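Let us walk through this structure step by step. Keep the sequence and the 3D view side by side as you read.

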Amino acid sequence: MAATKENPIILYDIPSKFESKCWSVNMWKTRLILNYKGLPYRTEWVSYPDIQAIFINLGIEPSGLKADGSGRPHYTCPSIIDPTAPKPTTVTESSAIAQYLEDAYPDVQPKIFPDGTREAQLQFIKDFLPVFVPPACTLILPQMPNILLDPRGSEYFEQTRTVNYGRPLQGIGLAGSEERKKAWEEFKAGLDKVAEIYDKNPEGNGEYFTGNAISFVDIWLAALFIWSKVPCDRDPEVGAKSVWDVIEKLNDGRWARFMRKFDDYLQVM
Ligand SMILES: N[C@@H](CCC(=O)N[C@@H](CS)C(=O)NCC(=O)O)C(=O)O
């Protein structure tokens, strides 16, 4: 049985103050896939400090271990429940969810892993996670407590990330700091590499990772860019109001053109 409007897939997400509530790179990956494939879903909003208890109750597994060195399990969004699989199925972790949705709904078009591309796509993500995530966190993470919807969530974020970094979150990636400059250099070098790889796809005209349509790598990148739109006043020398304001002008504006391909897939259900 497939998910229907009456019995949709449930996506667990963390609310922000934005009108759409959705903000996170990880949850946008899943949401973009659901929207792109046109799969019926609805969102359950969960505050950071409540995720663990709610997920244990629902039987959702942890996605890994916490980054604080404690060895404790880390329960994370995005997670989904598909109530219409042969038996209700829970899946956590954005790449695992991407593969689940492709495999559980084999007849649903478009595909995010066109034939023969899954390995290459997952390898690309494996290779580029360490390229983008550390600098992106330096550039964007300190803004997160300002945009989360509830004070409990903001407090949880501030505390847990301060422990993970071993220093106050707000001191990370300060405007004008060497740390911020280095993070920008790394992030920009990553984008140059990605542009080079995209340009090698003969069918895609430099617009897509593979073929001439959106696939999972494109979604992964788009989700990163959506996250970078979080308001941020730490690049005043270039008049940027967010990290995205800087990114959209890089590589001759190709990322701004790239993001237009996602205009139809930004709904929050
Ligand atoms: N590798 C995971 C990462 C998920 C992740 O870190 N999610 C964050 C929100 S963006 C979370 O739920 N954190 C819970 C916490 O910090 O307690 C994925 O791609 O799904």
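Start at Cys 77, where a backbone N or O atom lies 2.7 Å from a nitrogen atom of the ligand. This is a predicted model, so treat each value as computed from it. In Glu 93, a side-chain N or O atom is 3.1 Å from a nitrogen atom of the ligand. In Ser 94, a side-chain N or O atom is 2.6 Å from an oxygen atom of the ligand.

The peptide bond that joins Cys 77 and Pro 78 is cis, with omega at about 5°. Pro 78 sits in the loop between strand S4 (73-74) and strand S5 (79-82).

Return to Ser 94. This residue belongs to helix H3 (residues 94-104), which packs with helix H1 (residues 25-37). How is such a pair described? Two packed helices are described by the angle between their axes and the distance between the axes. Here the angle is about 15°, and the axes are 9 Å apart. Angles under 35 degrees count as roughly parallel, so H1 is roughly parallel to H3. Their crossing is right-handed. On the H1 side, the contact uses Asn 26, Lys 29, Thr 30, Ile 33, Leu 34 and Lys 37. On the H3 side, Ser 94 takes part, along with Ile 97, Ala 98, Leu 101 and Glu 102. By class, the residues of the contact of H1 with H3 are five nonpolar, three polar and three charged.

Follow the chain onward from H3. The loop between H3 and helix H4 (118-140) holds Pro 110. The peptide bond from Gln 109 to Pro 110 is cis, with omega near -5°.

H4 and H8 pack at an angle of about 5°, with their axes 11 Å apart. The two helices are therefore roughly parallel to each other. H4 brings residues including Phe 124, Phe 128 and Phe 132 to this contact, and H8 brings Phe 216, Val 217, Trp 220, Leu 224 and Trp 227. Which classes of residue make up the contact of H4 with H8? It has 14 nonpolar residues, one polar and no charged ones.

One last stop is Asn 205. This residue lies in the loop between helix H7 (178-199) and helix H8 (216-227).

Terms used: Residues numbered from 1 in each chain as written. Predicted model: local features only at pLDDT ≥ 70, side-chain atom pairs only at ≥ 80, totals over all residues. Heavy atoms only, no water. Axes fitted to C-alpha atoms, helices over the stretch in contact; angles between N-to-C directions. Helix = DSSP H or I, 4+ residues; strand = E, 2+ residues; numbered from the N terminus. Parallel < 35°, antiparallel > 145°, perpendicular 65-115°, else oblique. Left-handed = near helix turned anticlockwise from the far one by under 90°. Contact = heavy atoms within 4.5 Å. Nonpolar A, V, L, I, M, F, W, Y, C, P; charged D, E, K, R; others polar. Polar contact = N/O pair within 3.5 Å; in protein donor to acceptor, adjacent residues only side chain to side chain.
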